[in-house]
Amino acid sequence: MEIILKVENISKSYADGKILALQSISFQVKRGDIFGIIGPDGAGKTTLFRILTTLMLPDNGNATLNGQNLLTDFKKIRNQIGYMPGKFSNYQDLTVEENLQFFANVFNTSVVENYHLIAEIYDQLSPFKHRRAGQLSGGMKQKLALCCALIHKPAILFLDEPTTGVDAVSRKEFWEMLERLKHQGITIIVSTPYMDEALHCDDIALIQNGKIMSIHTPAGIISQFGEDLFAVKATNMSQLLKLLRNETWVKSCFSFGEAHHVTINSSQAAEELFSQFALQKSILDWKIEKIEPTIEDCFIKLMEK
Amino acid sequence: MNQDSVIKVKNLTKRFGSFTAVDNISFDVKKGEIFGFLGANGAGKTTAMRMLSGLSKPTEGNAIIAGYDIHKDTEKIKRNIGYMSQKFSLYEDLTVAENIQFFGGIYGLSREDIRIKTPLLIHKLGLDTEANMLVGSLPLGWKQKLAFSVAIFHQPEIVFLDEPTGGVDPITRRQFWDLIYEASDSGITVFVTTHYMDEAAYCNRITMMVDGIIKALDSPANLKEQFKAESIDEVFFELARGAKRKADLT
């Protein structure tokens, strides 16, 4: 597969080197893939996006985007990428229609020429096309920003946290939309703090404190977990968490809402250990089962290293 | 109504022109309960929360918050609740200690109280060496934990948390819930909104709001049984998918 984006050893620091925002970041993205950059606030996601969209220079390192050199060909790169920042970036006092027109003009194209790319999204916006962008709801602003980032048919689309603060149903719809853009041949680089969204991506990079902890397919990351994981439940979950954390055979124990996820450091079977423990501590209505780790389990494990 | 209830909401409605943001909602929340307030964007959660915290007057209906009427006693309500959101929590250009002192003053603690309690809180949070650092220079996870502690510094009856864990790393998110449990154990009622469905399972009871109406209200276990669902996620999808009012149209 052709590599459309190659990032090599990009570093960036702020405040005279006191804050290391990015430390030697390298990864590759295949043409037509959805590449997810997954990590919490402050991990360095936005800094990375600003650098790759030519808005900021790295301290070190370089990248190749669609055959162009990040440091020397930045003007060409700007015509070949679309960027939707985390903060709403359209002109609040222009209407929906005027914003779209403006971005098309800036890129020397017309709304008609690439309308097929945005047709499905713009359809939902068109009842409000004479409304000023500042008066739109959050969901509509997001759709407008996406249309404006797509109107010049970019080869690579950068989306910085498009789903932050969005409810679970709307998040699912947004990812379905990205899936359809992917089928139109657009490569998508997307960041998110929601670990469950990793499963929609072809490849993901898990990022924390300016460093990439792991890069793989979602299934690959999960297979690297490398040990058995158990979900345990009981009537009193907060008591169960405290008690488990004091057990020497418990290696890690984190709450995942309806169950606690536990790894063990013993050669004995987890079920046996747990049933002895439950008997000893008089734990009621308990249940243990072996489960497949989630991306969040993997992220926590990598953070603890 | 239950005497132990610290939040009593009856037929609460808020209209903006012809648009009914919150449509005749009623519920009670017991003292010390962790009450999850869930719903899609635009369902009316923020409008409801603004009324309950005395920031906005209802068009119809009533609510008693910590013993005070939301029509008449909004100032008293504000002194008896704490509030924290992801968007606004602390002053970035004040130090850790200054933020605690400032919010202590705002919430009406005496100078003496603030002087004694500030170092205790700093120590409890493990921020002794950071006490005189600007809050803006702290990692997000620390800020969120500090913001929560500041919101309950005056031991309010109720604390309102609006998406308190958005964007924080998975370990800090769990530590944050440890703090919520601790507050609840000390008798503070916790009213919380979140987009993380796994967090809904930490609540004693949850409501699901759809189009301004409360569509479901029960313990997580009972809701799963009622909707024959494997997870709260599924219950949410079942209810929110039926929403006529998209966030887009509001």
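Student: Before we start, what counts as a helix or a strand here?
Tutor: Both are DSSP runs, numbered from the N terminus: helices are H or I with at least four residues, and strands are E with at least two. Keep in mind that this is a predicted model.

Student: Thanks! How many helices and strands does chain B have?
Tutor: Chain B has 9 helices and 10 strands. Its radius of gyration is 18 Å, close to the 18 Å that the globule rule gives for 250 residues, so chain B is as compact as a globular protein of that length.

Student: And what box do the C-alpha atoms of chain B fill?
Tutor: Taken along the principal axes, the box is roughly 50 × 40 × 35 Å.

Student: What percentage of the residues in chain B is buried?
Tutor: Buried residues are 46% of the 250 in that chain. As for contacts in chain B with a separation of 6 or more, 69% of them are between residues 24 or more positions apart.

Student: Switching to sheets: what is the strand order in the open sheet of 4 strands in chain B?
Tutor: The order is 2-1-4-5, and the pairing is antiparallel. Strand 2 (19-30) and strand 5 (68-69) of chain B are the edge strands, each pairing on one side only.

Student: Over how many bridges do strand 4 and strand 5 of chain B pair?
Tutor: Strand 4 (residues 60-65) and strand 5 of chain B pair over 2 bridges, in the antiparallel sense. Within strand 5 of chain B, B:Tyr68 is the residue opposite B:Ile65.

Student: Now the interface. How many residues of chain B are in contact with chain A?
Tutor: On the chain B side there are 31 residues, in contact with 28 residues of chain A. Helix 6 (170-185), helix 7 (197-200) and helix 9 (232-240) of chain B each give two or more residues to that side. The largest share, 5 residues, comes from helix 6 of chain B.

Student: What's the make-up by class of the side of chain B that touches chain A?
Tutor: That side has 15 nonpolar, 7 polar and 9 charged residues.

Student: Last topic, cores. Which residues touch the most other members of the largest nonpolar core?
Tutor: In this core of 70 residues, they are A:Leu144, A:Cys147, A:Leu157, A:Phe158, A:Ile188 and A:Ile189. Helix 5 (residues 138-150) of chain A gives the largest share of the core, 8 residues.

Student: What is A:Cys147 in contact with, leaving aside neighbours within four places in sequence?
Tutor: A:Cys147 is in contact with A:Leu100, A:Ile118, A:Ile121, A:Tyr122 and A:Leu125.

Methods
Residues are numbered from 1 along each chain as its sequence is written. Chains are lettered from A and ligands numbered from 1 in the order in which they are written. This is a predicted model: local features need pLDDT of at least 70, side-chain atom pairs count only at pLDDT 80 or more; totals for chains, interfaces and linings use all residues. The radius of gyration is taken over C-alpha atoms; the globule rule is 2.2 Å times the number of residues to the power 0.38. A residue is buried if 20 or more other C-beta atoms lie within 10 Å of its own, exposed if 12 or fewer, and partly exposed in between; C-beta atoms are placed from the backbone. Two residues are in contact if their C-beta atoms, placed from the backbone, lie within 7 Å. Ala, Val, Leu, Ile, Met, Phe, Trp, Tyr, Cys and Pro count as nonpolar, Asp, Glu, Lys and Arg as charged, and the others, Gly among them, as polar. Two strands pair if DSSP finds at least two bridges between them. A nonpolar core is a set of buried Ala, Val, Leu, Ile, Met, Phe, Trp, Tyr and Cys residues joined through C-beta atoms within 7 Å.
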